[in-house]
Amino acid sequence: MEFWKEDFYSRKFAEKKRDDTIIVNMGPQHPATHGVLRVLVELYGEYIVRSECVLGYLHRMQEKMGEVKTYPQFYPNTGRLDYAHALAWNWAYVGAVERLAGIEVPERAEYIRVITTELNRIASHLLWWGVYLLDLGAFTPVMYAFEDREILLDILQRVTGSRLTYTYFRFGGVFQDIDSKFIEQTKNFCKRMRSRLNLYRDFVTENIIFRKRVEGVGVFSKDLITKYGATGPVARGSGINYDVRKAEPYGVYDRFDFEIPVEESGDCLARYTVRMREIEQSLNIIEQAIEGLPEGDFRNKKAPKILKPPPGEAYFSVESARGKVGIYVVSDGGLNPYRVKLRSPTYSNLSLLNEASEGMLLADYVATLGSLDLVIPEIDK
């Protein structure tokens, strides 16, 4: 039996099949999809006639879990939505609840949140950089990326207690304070990473084979970005200067001097360049935050241990490594949220791919899919 007759999505997709084309099933266990993602592709030769992403293989009802747990019990879930930049989701959730309950955050805790979230952003970009080049057929760069990323994970493990799915932020601050060793290690990492960026540029960015695979490939127009609500490096790679840290400043980001990298060409190389420049900007932010780190409490001691926010609603958004993360929480005055709504950037970023892939070579589709920097659990939430 042909595979497209075996399930609903395949049968529906096959209804529009032309006589001179074939249907290829990528995933849900395909190395280029970076997770449990399935893509149905109709091909004319090596050219894509149309494609359709099939989601749902990792759906865990995260929003419903948020409504049956108490507010603190939902902390760990936020670290499991985007495992590559878990602290961004930590911040979005505690920010929404703090706004709902009127909880103040000590200044030192705000600085610690910035430092750790930016470290986590660099770790996420390094992970993407390494595996993206694997997608394109280059094996060695991932070894360099993981060498640097391991240092970051060691630093973050000192204060968070974990290396990936962090649950570090608390209502009114963070779980524990950072110490002098953490600061020393972070300073050393910033110094090291600047020299490594030069190595990355000489090793990969200027490599003619790499540039032939990404330059002019997977071009997204501004209209397409706007149509699907894409954000993050995907939008900034198409000339859209939007970053939540600047557009809707939260925490103490408005105290730091940093730029938002923007590229105009809209291709895979532009999205690559934006992320590499963002690593440099994160280093700038971290150094400024360490320099200005105030003394004081790392957590609001008056924050209630048993939380029952007054009836109402609140929304809080942050800039993650993949774009705009937003969490909307509604309280009816009880121990559990009445409603939790999660806005993930990769859901919007992936949605534009079906339209953008029409007429694309299958090999370029893999390069374009990788340039989106997808984390599937964030989509299949």
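Phe139 is exposed, since its relative accessible area is 54% (exposed means over 50%, buried under 20% and partly exposed in between, with a 1.4 Å probe and protein chains only). This residue lies in the loop between H5 and helix H6 (140-160), helices being DSSP runs of H or I with at least four residues and strands runs of E with at least two, numbered from the N terminus. The model is predicted, so that local features need pLDDT of at least 70 and side-chain atom pairs count only at pLDDT 80 or more, whereas totals for chains, interfaces and linings use all residues. Residues are numbered from 1 along each chain as its sequence is written, and side-chain values use heavy atoms, with hydrogens and water left out.

Together with Leu134 and Met143, Phe139 makes a nonpolar surface patch of about 310 Å². Patches of this kind consist of residues with over 30% relative accessible area and no salt bridge, nonpolar side chains (Val, Leu, Ile, Met, Phe, Trp, Tyr) being joined within 5 Å; a salt bridge places a side-chain nitrogen of Lys or Arg within 4 Å of a carboxyl oxygen of Asp or Glu.

Beyond residues up to four places away in sequence, Ile327 touches, among others, Trp89, Tyr93, Phe316 and Leu342, contact being defined by heavy atoms within 4.5 Å.

Helix H12 (residues 268-291) spans 35 Å from its first C-alpha to its last, close to the 34 Å expected for its 24 residues at 1.5 Å times one less than the number of residues. Of these 24 residues, 17 are buried, and H12 is thus mostly covered.

Leu361, in the loop between helix H14 (353-356) and helix H15 (362-371), is partly exposed at 28% relative accessibility.

Most residues other than glycine have a negative phi. Met61, in the loop between strand E3 (47-54) and helix H2 (62-68), has a positive phi near 60° and is partly exposed at 49% relative accessibility. Asp373 has a positive phi near 55° in the loop between H15 and helix H16 (376-379), but is buried, with a relative accessible area of 7%.

Terms used. Patches are made of residues with over 30% relative accessible area and no salt bridge: like charges are joined within 9 Å, nonpolar side chains (Val, Leu, Ile, Met, Phe, Trp, Tyr) within 5 Å. Accessible areas come from the Shrake-Rupley method with a 1.4 Å probe; for residues, only the protein chains shown count as cover.
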